[in-house]
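Subject: Handover of a structure

Dear colleague,

Please find the structure below, followed by an account of what was found in it.

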Amino acid sequence: MTVAIHIENLTRRFNGLIAVDTISFDIEAGEIFGLLGPNGAGKTTTLSMLSTMLKPTSGSATVNGIDIERDEDGVRKSIGIVFQDQSLDEELTAWENMDFHGRLYRIPADTRKQRISELLRLVELEDRQHDIVKTFSGGMRRRLEIARGLLHHPTVLFLDEPTLGLDPQTRNHLWQYIATLAKEKGITIILTTHYMEEADRLCNRIAIIDHGKIIALDTPQNLKDGIGGDVVTIRSPDPAAIIRVLAEPWITRVEQHNDDVIVSLQNAEQHISTIVTLLNTNQVPIESIAIHKPTLEDVFLSFTGKTIREEEADNKANMRMYQKMVRH
Amino acid sequence: MDIVYTIWLRNMKRYLRSKSRIVGSIAMPLFFLLFLGVGLNSVIQLPGLGESYIVFLIPGMVAMSVLFTSVFSGIQIIWDKQFGFLKETLVAPVSRLEIMSGQTFGGATTAVFQGALILILSVLVGFPLSNPVGFLIALAFMILIGISFTAFGIAIASRMEDMTGFQLIMNFVVFPIFGLSGALFPISSLPAWMIPLTLLDPLTYGVEGIRYGLTGVSQINPLVCGAVIGGFTLVMTILGAFLFRKIRI
């Protein structure tokens, strides 16, 4: 496997706040790689550095073998990027937005025209190509941005929160596009997301990032297998008692999270009656009990002790505190 | 050069599509012409400066049109910043100087076009424009005002976070530049303390240059006008390019 992106001890500080903290990993050519983490974890900062929009404080990285600091234009020519926030000119038509991009990347006129038609067909916007972007829906804009990002035939495509703010149906649709793209064009796709489901469905490998650090990196399956089987969530007024009672060899792990106790074990369906019996004999009250297959949410929880949503709330609080500090 | 053209082309497309902007920005100089020109025409005597006040005023209004349109075009970069489009341009493998130049020429073109519209409207209602060389001289001054003040707008926009400061800039920077320029009154009739201020205003030389081209009369030697506004254009372009290079998004 060839390496598309090589990252070594990459770090970025903003006035003392560490946004990205000495991360190192490789992304292989042709894979869909996900950076999964709550808002404010450092995903966009990482992407900004890899796309040469932001200089690293320390550390280094190469994209397609090109150093991000030594040859910015070299990197820029070989990557495509779809930003988190929209970056289309709303006053221009879809075609004109594409054409502008093609000219900026100095694609010769004939090739440019041909590729624009081809890509607009791919993202199913050909019948709207001469409409002003202002009239487009969120999903159409995203599709147009993805098509635009591919116009100069990049070998690496960055997608920063590609489905943020889209309705579930459009999101599903977009996932199909991205998967098809990776397969048909053979390009490496790096996407950031804070949607667990998105990372799970799309990515070959996932790096979970929190507080600027990579806390886990593997295939979604391996990450979920790492939990140690199925997940049983038990709610009870006495969580400590559950942890005491369930200290059994066939249980991989028991952890308390808020009012819930989270139990990991293999073949939960077969053991659920034993668990209930055990708790009943020991007179531990049960409010509710649920079994599910492990998700990336469970993985995140097991690594950080928090759900991604709780972590986001924390990050927001930190951000507010930080802004206050800066202001005063 | 192809990149400069690309950015210029985008500016033209946007400009030609925004009918309200075209109409909106010729309205103010037109109203000035109407109210001040017609209103004061019979009251004001201009010794040795052409025949009437309205003829004196028209070159000033052309300059005003170019000034406001160009500053506005430059400041438009903030919109591109806010609506995200600037990112698309900045992440492309092109130099900031190319982007800045394209934006400057785009802004200058629209500004000159707006100025020309005022001139055409003036000719239609009887402004005497018979000297083609004079017209070319006026056009050259319009282009210089257009380039310098678009670059000026870009320089300001590069230092601004959002549009909140826009009104402030317009009222406290652009309007005084216009007011002091002698677009509305002859410099020689000003009180002595005000004349140096007027002579410090770069637009004064632009207005006088256009006036020389269109009416054949000016209070400042047209060569001096050309040198000052030319120098100002150079300084503004360098400043704009320098600040734009440091723009953060």
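In this predicted model, 21 residues of chain A are in contact with 17 residues of chain B, two residues being in contact if their C-beta atoms, placed from the backbone, lie within 7 Å. On the side of chain A that touches chain B, α2 (72-78) and α3 (94-104) of chain A each supply at least two residues; the largest share, four residues, comes from α3(A). That side comprises eight nonpolar, three polar and 10 charged residues. Here Ala, Val, Leu, Ile, Met, Phe, Trp, Tyr, Cys and Pro count as nonpolar, Asp, Glu, Lys and Arg as charged, and the others, Gly among them, as polar. Helices (H or I, at least four residues) and strands (E, at least two) are DSSP runs, numbered from the N terminus.

Chain A also holds an open, mixed sheet of six strands, in the order β6-β7-β8-β3-β9-β10; strands pair if DSSP finds at least two bridges between them. Its edge strands, β6 (79-82) and β10 (213-218) of chain A, each pair on one side only. β10(A) pairs with β9 (residues 205-210) of chain A in the antiparallel sense, over five bridges. The bridge partner of D210(A) in β10(A) is K213(A).

Helix α1 (residues 43-50) of chain A packs on this sheet, where α1 touches β3 (32-36), β7 (156-160), β8 (188-193) and β9 of chain A. The direction of α1 makes about 150 degrees with that of β7(A); axes are lines fitted to C-alpha atoms, for helices over the stretch in contact, and angles run from 0 to 180 degrees between N-to-C directions.

Residues are numbered from 1 along each chain as its sequence is written, while chains are lettered from A and ligands numbered from 1 in the order in which they are written. As the model is predicted, local features need pLDDT of at least 70 and side-chain atom pairs count only at pLDDT 80 or more, whereas totals for chains, interfaces and linings use all residues.

Yours sincerely
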